[in-house]
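Take a look at the model below.

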Amino acid sequence: MTVRPLTIRRIEATDHDAWRRLFTAYGDFYETAFDEAVLDGVWAWLMDARHPLTAFVAVVDGEVRGFAHVREQPDTFTAGPGWFLDDLYVDPELRGTGAGTALIDAVAAHAAAHGGGTLRWITAHDNDRAQRVYDRLATRTSWVTYEKEC
């Protein structure tokens, strides 16, 4: 695979169509079909500077090929800022090129520039490829995650 120059930047309004295609593919990867309300709602959050969710995109040859969604959250263990990487997705053709690592690095730099704290994220137990990357970049915790619909 030829590695082309990669740029990481904050998401922009002109990224809508590419982001929507990638976010839909991300849902498909996790066997989730996002309906129009979810796609429109998340996009509206990303475009609202007052909303805690923001995004970074990976751009190759002028085309958005990946994204990372991150949000600040209070950290009760430190009484300071914390960060949660909600979603990370890279176009399958770009995997193995460092794009995912570059997106995480950009998110970490953003967090550091906005008060620091701990950046956390989760992945599926069977997402082995992603876990190999994450194991290089961060500390695997012993925490178990639960969900309850409210």
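Is Phe-23 buried or exposed? Phe-23 is buried, because its relative accessible area is 4%. Here, buried means under 20% relative accessible area, exposed means over 50%, and partly exposed lies in between (1.4 Å probe, protein chains only).

Some ground rules come next. This is a predicted model, where local features need pLDDT of at least 70 and side-chain atom pairs count only at pLDDT 80 or more, while totals for chains, interfaces and linings use all residues. Residues are numbered from 1 along each chain as its sequence is written, and side-chain values use heavy atoms, with hydrogens and water left out.

Phe-23 and Tyr-26 both lie in helix H1 (residues 16–29). They are three residues apart, about one turn of the helix. Helices (H or I, at least four residues) and strands (E, at least two) are DSSP runs, numbered from the N terminus. Tyr-26 is buried too, with a relative accessible area of 11%.

Now for the rings. The whole structure holds 12 aromatic pairs. Rings of Phe, Tyr and Trp (its six-membered ring) pair if their centres lie within 6.5 Å; planes under 30 degrees apart count as stacked, over 60 as edge-to-face and the rest as tilted. Phe-23 and Tyr-26 make a stacked pair, 6.0 Å centre to centre with 20° between the planes. Both belong to one aromatic cluster, whose members also include Trp-19, Phe-29 and Tyr-89.

Why is the pair of Trp-121 and Tyr-134 edge-to-face? The planes of these rings stand at 75° and their centres are 5.4 Å apart, so the pair counts as edge-to-face. This pair links distant parts of the chain, 13 residues apart. Trp-121 is in the loop between strand S5 (118–120) and H4, and Tyr-134 is in helix H4.

Next, the core. A nonpolar core is a set of buried Ala, Val, Leu, Ile, Met, Phe, Trp, Tyr and Cys residues joined through side-chain atoms within 4.5 Å. The largest one has 20 residues, and Leu-85 and Val-107 are among those with the most contacts inside it. Helix H3 (99–113) and strand S4 (80–90) are among the elements that each supply at least two residues of this core. H3 gives the largest share, six residues. A second, separate core has 17 residues, including Tyr-26 and Tyr-89.

Last, the outside. Thr-145 lies in the segment after H4. Thr-145 is exposed, because its relative accessible area is 52%.
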